[in-house]
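Below is a short briefing on one protein chain.

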Amino acid sequence: NWISFFALRQHDIIDGKPVTEQVYIHAKMMIVDDRIAIIGSANINDRSLRGSRDSEICIHVTQKHPADQYPSKLGGIPVFVSKFVHDLRMRLWRDYLGLSPDDVSIMDPIHDSVYHDIWCKIANRNTETYLKIFGRMPDNILSMLDKGKEATVLPLEQYLVEKKNIQGLLVKFPLDFLRDEFDSMSPSLLDKEYILPRNI
């Protein structure tokens, strides 16, 4: 119910043809209850965190001074949160969801209606619209490569109509994309990767 994976996707017209691409963001960020934000470049692995390999940076933001606290709600319960962290999340979510800058419907980040009726609803509609427009792209339907089929993109006139159903950037992350291609993409017996465990 509460653990889901999403991505950001955008679209445009290049040389008179509709195109789409998933947005790749290298930075990492975690926001906890609109009170704490961790923003940086480190990955959760030895290469990033040991301190003797890659150069990484990360900041931890929290506001404890009473003047910096902001009244809000979590799960319908009135609380005080960090104004900076709250404003950061609101600004990002408004961009992701295609909401106006003054929209407060996402004020409570853990309320059922915000998650199900706004976040998931917009992500589902966007995902379906992208599939309708672009036919094939990384999605949960395409579990195996079909080398004989070409992607069918709607003509420009239809794209201009259908794109109105896309709101913001949020889409469902295709966790099942190419899931049945594992054997064909597995390393051969002579590859060093063959000795790696397949299941963790």
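**Briefing on the fold**

Six bridges join strand E1 to strand E2 (residues 17-22), and the two run antiparallel. This comes from a predicted model. The protein chain holds five helices and eight strands.

**Overall make-up**

- From the N terminus on, the order of elements in the protein chain is β-β-β-β-α-β-β-β-α-α-α-β-α.
- Of the 200 residues in the protein chain, 30% are buried.
- Among contacts in the protein chain with a separation of 6 or more, 57% are between residues 24 or more positions apart.

**Pairing of strand E1**

- Strand E1 covers residues 6-14 and pairs with strand E8 (residues 170-172) in the antiparallel sense, over three bridges.
- On the E2 side, His11 stands opposite Thr20.
- E1 and E2 form a hairpin, with two residues between the strands.
- Asp15 sits in the turn of this hairpin and has a positive phi of about 50°.

**Nonpolar cores**

- The largest nonpolar core has 17 residues.
- Trp93, Tyr96, Leu97, Ile106, Ile118, Trp119 and Leu170 are the residues with the most contacts inside this core.
- Helix H2 (83-97) and helix H3 (112-134) are the elements that give two or more residues to this core.
- H3 gives the most to the core, with seven residues.
- Another core, of ten residues, lies apart from the largest one; Ala7, Leu131, Ile166 and Val171 are among its members.
- Leaving aside neighbours within four places in sequence, Trp93 is in contact with Ile106, Pro109, Val114 and Trp119.

**Contact of H2 with H3**

- H2 and H3 pack with their axes 9 Å apart, at an angle of about 50°.
- From H2, the residues Trp93, Tyr96 and Leu97 meet Val114, Ile118, Trp119 and Ile122 in H3.
- The residues of this contact divide into seven nonpolar, no polar and no charged.
- Trp93, Tyr96, Leu97, Ile118 and Trp119 take part in this contact and are also among the residues with the most contacts inside the largest nonpolar core.

Technical notes: Residues numbered from 1 in each chain as written. Predicted model: local features only at pLDDT ≥ 70, side-chain atom pairs only at ≥ 80, totals over all residues. Heavy atoms only, no water. Pairing = 2+ DSSP bridges. Helix = DSSP H or I, 4+ residues; strand = E, 2+ residues; numbered from the N terminus. Core = buried A, V, L, I, M, F, W, Y, C linked by side-chain atoms within 4.5 Å. Buried < 20%, exposed > 50% of the residue type's maximum accessible area, 1.4 Å probe, protein only. Contact = heavy atoms within 4.5 Å. Axes fitted to C-alpha atoms, helices over the stretch in contact; angles between N-to-C directions. Nonpolar A, V, L, I, M, F, W, Y, C, P; charged D, E, K, R; others polar.
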